[in-house]
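Work through the exercises below with the sequence and the model side by side. Try each task before reading its solution.

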Amino acid sequence: MTTVVLNRRNLLVAGGAVLTTGIVAAGVPGFMLPASADGLAPTETMSGGANNYRKGAAIVDRIGKGGFWMSGTVRRAGDGAPLAGQRIQIWAHTVEGQEHEPQSHGATLTDKDGKFRLEMPQIIPIFGQPHGHLAYDSGEFKTVFLRPVMRSAKETSLEAHFVLQPA
Amino acid sequence: MILIWVALAVAIGVPVALAATSEQLAWRGPVYILAGFAGIVALGLVLVQPLLIGGYLAPLSAYRGRRAHHWIGGALVLAVAIHVAGLWITSPPDMIDALTYTSPTPFSPFGVTAMWAIFLVALLAFLRRRLELRPRTWRFIHTPLAIVIVVGSVVHCLLIEGTMETISKAALCAAVLAATVKVMVDLQVWRKRRTLRGESVARQ
């Protein structure tokens, strides 16, 4: 387990960083600038991202009856090149089931531009926040779990973006 | 006299009733629903506690008020235990994240901290005689923990997006804060005193 040292300064810095990356990632996903000369930094797994993960969810056209859109991009760390054909697993607590239930899970593949989009049932708040879960876990790149939060429970779409580094 | 009881019933009853009409309930299992309501009830009990100890709930005498404060404290421990156990059953990894302070949800550490403060106060209250804690020592221990409980509970509750209706939730939280500030001002908890209201301590 990692030890996190909290004091006012690094809390503010971290909070500011989270806000900034959050806004940049949400606002202009296609135009995220490389953080440094080394190029685009890989996405870190979010805390709680892997909760209620089920290995090997099937690739589906739609999870359940749909009505809600989960979308995003998958790119390579460094040069930011779009990664086609990558399997992204998606799950959430929805109007059709709880997070851990099999019918709440599904997977999709990215297109030639590294974009993915999967219809699923409406996400509703669980544990105090309306949020979804996404995983890249195919092995070619390092596994990443994301846990994006909806700004409002009334929203009918959610985005998450992956920047992967070789495993 | 009757007014304070009506106000108390409204402050706790309305948020509970409105939460019971939440559309979120349709998508939740019975254990999750029970856990959520245990949390709301716990917040209601946190409101009752300062009112009892301040003697504002007439016609309860100071002695009876304190007795009730002890029993409500026990009920609060039970409500929090049901809240945590129910959420654990609903989603074990999320509850473990919360209890280990590694949760992504900003409200979790506030709730967990308030929980430990509640358990600690209850344990010390239970052992108070055996430990022979003097009233002054007890107050020195209980007051800061009470503040942790109140602030932790209120922040925890306000940041959660769940079954509670926003305005009634905010009103209940405001009432909890107001009652706590009032009792602390009235009893002047920051002053060093040898005797506590309604309690006789042998002169040294």
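**Exercise 1. Check the length of helix 5 (residues 108-126) of chain B against its number of residues.**

Step 1. Take the rule: the expected span is 1.5 Å times one less than the number of residues. Helices (H or I, at least four residues) and strands (E, at least two) are DSSP runs, numbered from the N terminus.
Step 2. Helix 5 of chain B has 19 residues, so it should span 27 Å.
Step 3. Compare. The end C-alpha atoms are 27 Å apart, which agrees.

A note on the source. This is a predicted model, where local features need pLDDT of at least 70 and side-chain atom pairs count only at pLDDT 80 or more, while totals for chains, interfaces and linings use all residues. Residues are numbered from 1 along each chain as its sequence is written, and chains are lettered from A and ligands numbered from 1 in the order in which they are written.

**Exercise 2. Find the buried residues of helix 5 of chain B and what covers them.**

Step 1. Apply the cut-offs. Buried means 20 or more other C-beta atoms within 10 Å of the residue's own; exposed means 12 or fewer; partly exposed is in between; C-beta atoms are placed from the backbone.
Step 2. The buried residues include B:Phe110, B:Met115, B:Ile118 and B:Val121.
Step 3. Look at the cover. It includes helix 3 (62-90), helix 4 (92-99) and helix 6 (135-159) of chain B.

**Exercise 3. Classify B:Ala171 as buried, partly exposed or exposed.**

Step 1. Locate B:Ala171 in helix 7 (residues 166-186) of chain B.
Step 2. Count. B:Ala171 has 15 other C-beta atoms within 10 Å, so it is partly exposed.
Step 3. Now look along the sequence. B:Pro15 is 156 residues away from B:Ala171, yet the two are 8.8 Å apart in space, C-alpha to C-alpha.

**Exercise 4. Describe strand 4 (residues 115-120) of chain A and its pairing with strand 1 (residues 68-76).**

Step 1. Recall the rule. In a regular strand the side chains alternate between the two faces of the sheet.
Step 2. A:Phe116, A:Leu118 and A:Met120 point to one face and are buried.
Step 3. Strands pair if DSSP finds at least two bridges between them. Strand 1 and strand 4 of chain A run antiparallel, joined by six bridges. A:Gly72 has A:Phe116 as its bridge partner.

**Exercise 5. Which sense of pairing joins strand 1 and strand 7 of chain A, parallel or antiparallel?**

Step 1. The pairing is parallel, over eight bridges.
Step 2. Take one bridge: A:Arg75 partners A:Val163.
Step 3. Six of the eight residues of strand 7 (residues 157-164) of chain A are buried, so this strand is largely enclosed by the rest of the structure.

**Exercise 6. Trace the open sheet of four strands in chain A.**

Step 1. The order is 3-2-5-6, with antiparallel pairing.
Step 2. Find the edges. Strand 3 (105-109) and strand 6 (144-146) of chain A each pair on one side only.
Step 3. Strand 2 (residues 87-92) and strand 3 of chain A share five bridges. A:Arg87 partners A:Leu109 there.

**Exercise 7. Judge the confidence of chain A.**

Step 1. pLDDT is the predictor's confidence in each residue, from 0 to 100. Chain A averages 84, and 77% of the residues score at least 70.
Step 2. Over residues 8-31 of chain A the pLDDT is below 50.
Step 3. Where pLDDT is low, the predicted coordinates should not be read in detail.

Terms used: Contact = placed C-beta atoms within 7 Å.
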